[in-house]
Amino acid sequence: MSFISLFSQLENESSEKLSFGLYQSKADFLERRVKEVKPHMDNLHSWLLEKKQKEMILDSSKTKEAINYCLNRWENLENFIKYPEATFSTNAAERSVKSWVMARRNFLFSGSGNGARASCFILSLIETAKQNGIAPEDYLRCLFEKAPYAETENDWKKLLPWNIEITPYKVRGEWI
């Protein structure tokens, strides 16, 4: 647990400095992360390998299961060092799925499996738009305006949240 506390502390300090613009670039942020966190990750990896080798841990124990789980996914864990967008904390991911959790009961009343899948698809679009800094209402409006004219795969790719051009809303008549 001391490794986790240390990673969290270092990440919080770095993230605060990044958000206040105290790093020149994301490369500077990553350089500090590699310099300060990588040695501790290497120590954790060595510690896990050492614990795995000890004969005192029974094959059927939960501890050995947890150690093997971590070691088998070590390459994925190292992505934390390589990408500034990756965070040690899962808080952002947990917040992004909160709307799904809250809507889960509503999926029961979607009418069918297809209705539930459609609801999940719309929520995916909304959360992806949020992650790309786009107001979901503007993204969905532009998407629904432009989608009928998409014919090729490239046209559809242009409608993804990170590619779409958000156009201003235009009143096109009155609803009766």
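The model is predicted, so local features need pLDDT of at least 70 and side-chain atom pairs count only at pLDDT 80 or more, while totals for chains, interfaces and linings use all residues. Residues are numbered from 1 along each chain as its sequence is written, and side-chain values use heavy atoms, with hydrogens and water left out.

Me: What makes a stretch count as a helix here, and how many are there?
Reply: Helices are DSSP runs of H or I with at least four residues, strands are runs of E with at least two, and numbering starts from the N terminus. By that rule the chain has ten helices and zero strands.

Me: Why is R33 called buried?
Reply: Buried means under 20% relative accessible area, exposed means over 50%, and partly exposed is in between (1.4 Å probe, protein chains only). R33 has a relative accessible area of 2%, so R33 is buried. You'll find R33 in helix 2, residues 26-53. For the chain as a whole, 25% of the 176 residues count as buried.

Me: What does R33 touch?
Reply: Contact means heavy atoms within 4.5 Å. Leaving aside neighbours within four places in sequence, R33 is in contact with E11, K38, F80, I81, Y83, P84 and A86.

Me: Why is C70 called partly exposed, and what about C120?
Reply: C70 has a relative accessible area of 23%, so C70 is partly exposed. C120, at 25%, is therefore partly exposed as well.

Me: Why is helix 2 called oblique to helix 3?
Reply: Axes are lines fitted to C-alpha atoms, for helices over the stretch in contact, and angles run from 0 to 180 degrees between N-to-C directions. The axes of helix 2 and helix 3 (residues 62-72) come within 10 Å and cross at roughly 135°. That makes the two oblique. The cut-offs are under 35 degrees for roughly parallel, over 145 for roughly antiparallel, 65 to 115 for roughly perpendicular, and oblique for the rest. At this meeting place, H45, L48, L49, K51 and K52 of helix 2 meet I67, N68, C70 and L71 of helix 3.

Me: What makes helix 8 and helix 9 oblique to each other?
Reply: Helix 8 and helix 9 pack at about 120°, with their axes 9 Å apart. Helix 8 and helix 9 are therefore oblique to each other. I122, L125, I126, A129 and K130 in helix 8 meet P136, Y139, L140, L143 and F144 in helix 9.

Me: Which residues of helix 9 are buried, and what covers them?
Reply: P136, Y139, L140, R141, C142 and L143 are buried in helix 9. The cover over these buried residues includes helix 8.

Me: Where is N132, and why is N132 called partly exposed?
Reply: N132 is in the loop between helix 8 (113-131) and helix 9 (136-146). Its relative accessible area is 34%, so N132 is partly exposed.

Me: What does N132 touch, not counting residues up to four places away in sequence?
Reply: N132 touches P161 and W162. N132 and P161 are 29 residues apart in sequence, yet 6.6 Å apart in space, C-alpha to C-alpha.
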